[in-house]
Amino acid sequence: MSESLFADASKRLARAMKYVSISEEALEHLKYPQTSLIVSIPVRMDNGSLRIFQGYRVRYDDTRGPGKGGVRYHPNVTLDEVQSLAFWMTFKCAVMNLPFGGAKGGVTVNPKELSKLELERLSRGYIDAIADFIGPDTDILAPDVYTNPTIMGWMMDEYSIIKRKLCPAVVTGKPVTLGGSLGRDTATAMGAFFTIEASAAKFDLIPQETTVAVQGFGNAGAHIAEMLFKAGYKVVAVSDSQGGVYSKKGLDIPSIRHFKQSHKGIQAIYCQDTVCNVGEHENISNQELLTLDVDILIPAALENQITEANVNDIKAKMIFEVANGPTTSEADKILEQKGIYVFPDILVNAGGVTVSYFEWVQNRSGLYWSLEEVNSRLRQKMVEETQQIWHLSQELAVSMRTAAYVHALNRLGEAVNAKGTRDYYTS
Ligand code: NAD
């Protein structure tokens, strides 16, 4: 794909615009990221040398509340990617009716090459560089690809040191002992599970007869694979960055998770092993996994996985996007023509930011909730918004993705308008 990820992401907005009646000014406002910060992060390496890493924080829009979004550590992180992820966060928070705008951060780094101490220095350095830009009332961080609760704990601690007071609400996805919410670790997958459950009834899906393939076996992918396995679904394939495994009879997901976790290397932050080494299953590539003949395909790794190059080979009946942006806008059109139902990222993976919101509320009120309370509030929100988007898609005869954007645009447009547009003052 030659055009930028952000240009491609913006096409979803263009497609939804014709179904909303919001002011031109509000639409214009939502086409551009509000602020993009690029920072250089000097890190003293264990061997005494100095390395400079490039970091980003983008606040896309804060009309509905402070910016909210994760921080990604990956060698392919670019400003374009971070802007796209911040754009999706803006719409995701509006889809879920959370009082947040959208933001995202990232550092261009292969974290698997760093020692634990180097990783800590990088994480603290990133916060030193962006400290004036973030805060519990301005922009709140969370985990994303290759960042986790340990890293969130370091980030919150560093920010608190700079501000000379404890500021737990500046970062969500922290370890529970540092003010993290129960259920945040499984929230993205749990939210996706509730969406699948709510949709299963509409498609008469019987778990035992429903086959599933999951691409990506990290926080989101491994948990959703396990939840579906436990609910009786036949998870026939899973994969990670190194490849995947397939079994027609279905995989034993808890043992694969156990296998991956028990093979941690010395860094104890990233798994050194891969699902490919599980044994006695057929090994498949990530590309093969995407084109398996399954009922449900769950991309849960990175963006741009279903593209014009492979969309014609996709055989799944339904796609639940747990990853952000796994399908390009061109591929989307073809999936629609093929009659494949795509449940979009801004709904399906919104459980993560929803429980992040719960964590922020708990940090600010000082009252902490039980796991049952977190999950029951999450279920209520996921089911409610899934139903609304479903009805909107039926009413407008559009895809679930367009319906989700329309749903979000209505809320965003109303907020932009209320802050003052020409229409607002003249009508
Ligand atoms: P993670 O770092 O925990 O896991 C990423 C997984 O993807 C790993 O298993 C890794 O091996 C695999 N992977 C990396 N490159 C791959 C490739 N080229 N092909 C196949 N697999 C590959 O990250 P995560 O938090 O699980 O995030 C996964 C996706 O879910 C991302 O798109 C992220 O933006 C999205 N997401 C995460 C959250 C969250 O709360 N963690 C919330 C919403 C959305």
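Reply: Happy to! On a 1 Å grid over the protein atoms alone, a cavity is a set of points where a 1.4 Å probe fits but cannot get out, and a pocket is an open set with protein on both sides within 12 Å along at least five of seven lines; lining residues have an atom within 4 Å of a point. This is a predicted model, where local features need pLDDT of at least 70, side-chain atom pairs count only at pLDDT 80 or more, and totals for chains, interfaces and linings use all residues. Residues are numbered from 1 along each chain as its sequence is written, and side-chain values use heavy atoms, with hydrogens and water left out.

Me: Which helix gives the most to the lining of the largest cavity?

Reply: The lining consists of Arg-12, Arg-15, Asp-332, Glu-336, Ser-399, Arg-401, Thr-402 and Tyr-405. At least two residues each come from α1 (5-17), α10 (329-337) and α14 (400-420); helices here are DSSP runs (H or I, at least four residues), strands are E runs of at least two, and both are numbered from the N terminus. With three residues, the top contributor is α14.

Me: How many residues of that cavity lining are charged?

Reply: Asp, Glu, Lys and Arg count as charged, Ala, Val, Leu, Ile, Met, Phe, Trp, Tyr, Cys and Pro as nonpolar, and the others, Gly among them, as polar. The lining of the largest cavity has one nonpolar residue and two polar ones, and the charged residues number five.

Me: Which element supplies the largest share of the lining of the second largest pocket?

Reply: This pocket has 14 lining residues, with Glu-336, Tyr-341, Val-398, Ser-399 and Met-400 nearest its centre. Two or more residues come from each of α10, β12 (341-343), α13 (371-396) and α14. The largest share is three residues, from α10.

Me: Now the ligand: why does it lie between two domains, and which are they?

Reply: Its shell has 22 residues, among them Asp-144 and Asn-324, where a residue counts if one of its heavy atoms lies within 4 Å. Domain bounds come from an automatic or database domain assignment. The ligand lies between the two because both give residues to the shell: domain 1 (33-167) and domain 2 (187-348).

Me: What share of the ligand's exposed area does the protein bury?

Reply: A polar side-chain atom of Arg-184 sits 3.2 Å from a ligand oxygen, and a polar backbone atom of Gly-218 is 3.1 Å from a ligand oxygen; a polar contact is a pair of N or O atoms within 3.5 Å. Accessible areas use the Shrake-Rupley method with a 1.4 Å probe. Alone, the ligand exposes 820 Å², and the protein buries 90%.

Conventions
A polar contact is a pair of N or O atoms within 3.5 Å; within protein, one must be able to donate a hydrogen and the other to accept it, and residues adjacent in sequence count only if both atoms are side-chain atoms.
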